[in-house]
Amino acid sequence: MSREFSLAEIFQLGYYWETKILLTAVKLDLFSALDGKPKTAKEVAGRIGAHEPTLTLLLNALVALRLLTKEGDSYGNSPAAEKHLVRQSSQYIGHLLVLHDAEWNNWGKLEETIRTGHRPVDRHVFETDPELGSNVLAVLHRIGQQSGPDLAKRLKLSERERLLDLGGGAGTNAIAFCQVYPELTATVFDLPATLRLTEKTVKEAGLELRIALRPGDFNRDALGGPYDVVLMSDILHYQTFESNAALVGKVFTHLAPGGRLVIKDRFLDEAGTGPAWTTAFAIHILVNTQQGSSYRTGDAMSWLTKAGFTSVTELEKTAVVQGIKQ
């Protein structure tokens, strides 16, 4: 469906001011400084080590954005800020916003990247700042706890299956699948540094007897198995087309007969112009990874077919594809 823009909406698209105001407030941990009770700009400046007159401009802008409230000279958190932007909150998502801020300079080089084809990074920020990467994975784990069980149910697995969650991060999907299917066992394969967080989340879920951790580089190391189901969730957009084709072929050899590979990712449609959010995500991957890309559903299905999978199907439009090994 076409969308007509007013002049005001075009200007709004071009303004990045509000975004940077929010990211800066999170980097300053300003919302945590306001936790508990309202405070004056002077009190907040003292807590975060800021210049009071310029901080006041930022505080007032956050009031206008409805992230803060103001009564007299005192500022307080809005309910949303108190829930999601105070570091002590169990629903804190600030680490993810700090990641976006860390990528800010890369976005500033987008014009140069488009003109030259040369990317501004040689390593993803997760590699250069492992602590940030671990914190972001923890936030994504909490968010993914809502979608993981739905995916597990849609796949309609039998009880006694062996699942490999390849590049499984914090183990979010492995945990969800084991909770949906009480007799299923799982292995989470990821880098050793990542598995330190995975071990914690698996123990918190009480599933350490059913979920094994296997450290390694999935492009180079053996994957174990054989498995009845292999899940690749949001890992292929960090890699090249050729690397993904090779990895899908490798997974094929680690599946038992009748086993299936399920690929969940943010795929573009065949025209490459939708879904809208994914087209923007493709630009994000362009400027923030060394060699990643957003792929079409047809690309993933071609990898599966080439590897020898049969009954290759798109289970969820631009989101989930599956291949079965005969």
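Is Asn77 buried or exposed, and what is its relative accessible area? Asn77 is buried, at a relative accessible area of 13%. Here buried means under 20% relative accessible area, exposed over 50%, and partly exposed in between, with a 1.4 Å probe and protein chains only. The views below come from a predicted model, in which local features need pLDDT of at least 70 and side-chain atom pairs count only at pLDDT 80 or more, while totals for chains, interfaces and linings use all residues. Residues are numbered from 1 along each chain as its sequence is written, and side-chain values use heavy atoms, with hydrogens and water left out.

View A. Asn77 belongs to β3, residues 74-77. Helices (H or I, at least four residues) and strands (E, at least two) are DSSP runs, numbered from the N terminus. The Asn77 side chain reaches the backbone oxygen of Phe31 at 3.0 Å, and a polar contact of 2.9 Å links the side chains of Asn77 and Glu82. A polar contact is a pair of N or O atoms within 3.5 Å; within protein, one must be able to donate a hydrogen and the other to accept it, and residues adjacent in sequence count only if both atoms are side-chain atoms. Leaving aside residues up to four places away in sequence, Asn77 touches Phe31, Leu34, Asp35, Leu67, Leu68, Thr69, Glu82 and Val86. Contact means heavy atoms within 4.5 Å.

View B. Three strands form an open sheet in the order β1-β3-β2, with antiparallel pairing. β1 (39-40) and β2 (68-71) are at the edges with a single partner strand each, so one side of each has no neighbour in the sheet. Two strands pair if DSSP finds at least two bridges between them. β2 and β3 are joined in the antiparallel sense over 4 bridges, and Thr69 has Gly76 of β3 as its bridge partner. Helix α5 (residues 52-64) packs on the sheet and touches β2 and β3, its direction making about 105° with that of β2. Axes are lines fitted to C-alpha atoms, for helices over the stretch in contact, and angles run from 0 to 180 degrees between N-to-C directions.

**View C. Helices α4 and α5.** The axes of α4 (residues 41-48) and α5 come within 9 Å and cross at roughly 110°. The two helices, α4 and α5, are therefore roughly perpendicular to each other. Angles under 35 degrees count as roughly parallel, over 145 as roughly antiparallel, 65 to 115 as roughly perpendicular and the rest as oblique. On the α4 side, Ala41, Lys42, Val44, Ala45 and Ile48 make the contact; on the α5 side, Glu52, Leu55, Thr56 and Leu59 do.

View D. In β5 (residues 185-190), 5 of the 6 residues are buried. β4 (residues 162-166) runs parallel to β5 and is joined to β5 by 5 bridges, with Leu164 partnered by Thr187 of β5. From β4 the chain passes through helix α13 (residues 172-180) to β5 in a right-handed β-α-β crossover. A crossover is right-handed if, with the strands pointing away from the viewer, the path from the first strand over the helix to the second runs clockwise. β5 and β6 (residues 211-215) are also parallel, with 5 bridges, and Thr187 stands opposite Ala212 of β6. Helix α14 (residues 192-204) carries the chain from β5 to β6, and this β-α-β crossover is right-handed.

View E. In β7, 7 of 7 residues are buried. β7 is parallel to β4, joined by 4 bridges, and Asp165 has Leu231 of β7 as its bridge partner. β7 and β8 run parallel over 6 bridges, with Met232 partnered by Ile263 of β8. The chain goes from β7 through helix α15 (residues 241-253) to β8, again as a right-handed β-α-β crossover.

View F. The peptide bond between Gly225 and Pro226 is cis, with omega about 5°, and Pro226 sits in the loop between β6 and β7 (227-233). Gly274 and Pro275 are also joined by a cis peptide bond, with omega about -10°. Ser311, in strand β9 (residues 310-316), has a positive phi near 50° and is partly exposed at 44% relative accessibility. Phi of Thr318 is near 50°, and Thr318 is buried at 14%.
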